[in-house]
Amino acid sequence: MVTEQPPDVPADDGTAQPRDARYRRGARRTAAQPLTASWRLDSAGRHGLRRRSGFGWRVYVIPVLVIVTILVVVNTAKSATSSAAPPVATERPAVPVFTGDGTAVLPPGPDVPQAGTGTWHIVPGSGPVVGKGTHAYRYQVAVEDGIDPAVYGGDDAFARVVDATLADPRGWVAAGTISLQRVDAGYPHPDFVVSLTTPNTDHRPDLCGFDLRVEASCWRPGTHRVVIDLARWVRGALAFDGDLGLYRQYAINHDVGHVLGNQDVGCGTNGDLAPVMMPQTFGVADDYLNEIDPLNQHPVPRDGKVCRVNAWPYPQGSD
């Protein structure tokens, strides 16, 4: 068989050199010689790497660079995945420190017990259905244990104010969509319990808390309690200018309004009666309410409006 012989290649001195001469041991490599390296014993008999070419180091460095690059890419991908996951703990935004100025402070008045037992008793009694709406709500009235009845006039007096407020034709029943009925302790699952509560119990994190450092009532869905702060019940609010009866009606209607799904709002029209869902316990000026509680879930806008106190969701009665 006849095979094609590779052509001669020029040597470095310009003469023709057979192609196979490039591969003879000890011969000088031409520019086309492959990158190789071989082990030789040095004069001391030690193994050493004898470089056959000026480019032989790349045979070892390039794989190392490839491995390093892969590791960087993998670590970057892991970091990107970790940053996309939700944090396991989050910070709580700072609440402004209340300075004690303005209408949010508790008015002066009689001494109020700061603590009861942290438990409540249901005030005995029930009543008729009021309102014609199809959404029926049953409620109970309760007072925290361990409070001297002389401070608030007794259980029955408290219950009468609650009942009269919720049955008033200017109240929530005027909407025509709900009905309300007071039920006794034997009723298994009332929709809410209007509960007179001492300040220390009110400030518990599972109830109203104490972020703004002022006394306030609240609605806690998890406990089904409308928490009426005892200090506010006895002393009222500065914006109401001593009208304690009107303030008590407001406190009940405002937090029962939360039971019905209403949120806090600001002043509707400057100079008009305030919406009952405006946090009038703190004041009736939108700018002030915004200043003391800008992190509220439904903040009052800073718009310069100021309203007049009002206790009723339907001050003119039903349509």
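Visitor: Before we start, what counts as a contact here?

Guide: Contact means heavy atoms within 4.5 Å. With that cut-off, and not counting residues up to four places away in sequence, Phe192 touches Tyr137, Arg138, Tyr139, Gln140, Leu166, Leu180, Trp219, His224, Val226, Val256 and Val259.

Visitor: And what sort of model is this?

Guide: This is a predicted model, in which local features need pLDDT of at least 70 and side-chain atom pairs count only at pLDDT 80 or more, while totals for chains, interfaces and linings use all residues. Residues are numbered from 1 along each chain as its sequence is written, and side-chain values use heavy atoms, with hydrogens and water left out.

Visitor: Which residues touch the most other members of the largest nonpolar core?

Guide: Phe158 and Phe192 do, in a core of 38 residues. A nonpolar core is a set of buried Ala, Val, Leu, Ile, Met, Phe, Trp, Tyr and Cys residues joined through side-chain atoms within 4.5 Å. Buried means under 20% relative accessible area, exposed means over 50%, and partly exposed lies in between (1.4 Å probe, protein chains only).

Visitor: Which elements give two or more residues to this core?

Guide: They are strands S6 (135-144), S7 (178-182), S8 (192-197) and S10 (225-229), together with helices H2 (155-167), H4 (230-235) and H5 (244-259). H5 supplies the largest share, six residues. Helices (H or I, at least four residues) and strands (E, at least two) are DSSP runs, numbered from the N terminus.

Visitor: Which residues does the second core include?

Guide: Ala104, Met278, Leu289 and Cys307 are among the 14 residues of that separate core. In soluble globular proteins, nonpolar side chains tend to be buried together.

Visitor: Back to S8. How many of its residues are buried?

Guide: Six of the six are buried, so S8 is largely enclosed by the rest of the structure. Phe192, Val194 and Leu196 point one way from the strand, and Val193, Ser195 and Thr197 point the other way. In a regular strand the side chains alternate between the two faces of the sheet.

Visitor: How many bridges link S8 to S6?

Guide: S8 and S6 pair in the parallel sense over five bridges, where two strands pair if DSSP finds at least two bridges between them. Tyr139 stands opposite Phe192 in this pairing, and Ala142 has Ser195 as its bridge partner in S8. S8 is also joined to S10 by five bridges, and these two strands run parallel. Leu196 has Ile228 as its bridge partner in S10.

Visitor: What about S6 itself, is it mostly covered or exposed?

Guide: S6 is mostly covered, with seven of its ten residues buried. Its pairing with S7 is parallel, over five bridges, and Tyr139 stands opposite Arg182 in S7. S5 and S6, by contrast, pair in the antiparallel sense over three bridges. There, Ile122 has Ala142 as its bridge partner in S6.

Visitor: Changing topic: which residues of H2 are buried?

Guide: Asp155, Phe158, Ala159, Val162, Thr165 and Leu166 are buried in H2. Seen down the helix axis, the buried residues fall within an arc of 135 degrees (taken from the directions from the axis to the C-beta atoms), so they line one face of H2. They pack against strand S5 (120-122), S6, S7, S8, H4 and H5.

Visitor: What span should H2 have?

Guide: The expected span of a helix is 1.5 Å times one less than its number of residues. For the 13 residues of H2 that gives 18 Å, which agrees with its end C-alpha atoms being 18 Å apart.

Visitor: How many salt bridges does the structure hold?

Guide: The structure holds three salt bridges, each defined as a side-chain nitrogen of Lys or Arg within 4 Å of a carboxyl oxygen of Asp or Glu. In one of them, the side chains of Arg182 and Asp163 meet at 2.9 Å, N to O. Arg182 lies in strand S7 and Asp163 in helix H2, so the pair ties together parts that are 19 residues apart in sequence.

Visitor: Is Arg182 buried or exposed?

Guide: Arg182 counts as buried, at 8% relative accessibility, whereas Asp163 is partly exposed at 22%.

Visitor: And which residue pairs with Asp168?

Guide: Asp168 forms a salt bridge with Arg170, the closest N and O atoms being 3.0 Å apart. Asp168 is buried, with a relative accessible area of 15%, while Arg170 is partly exposed at 32%.
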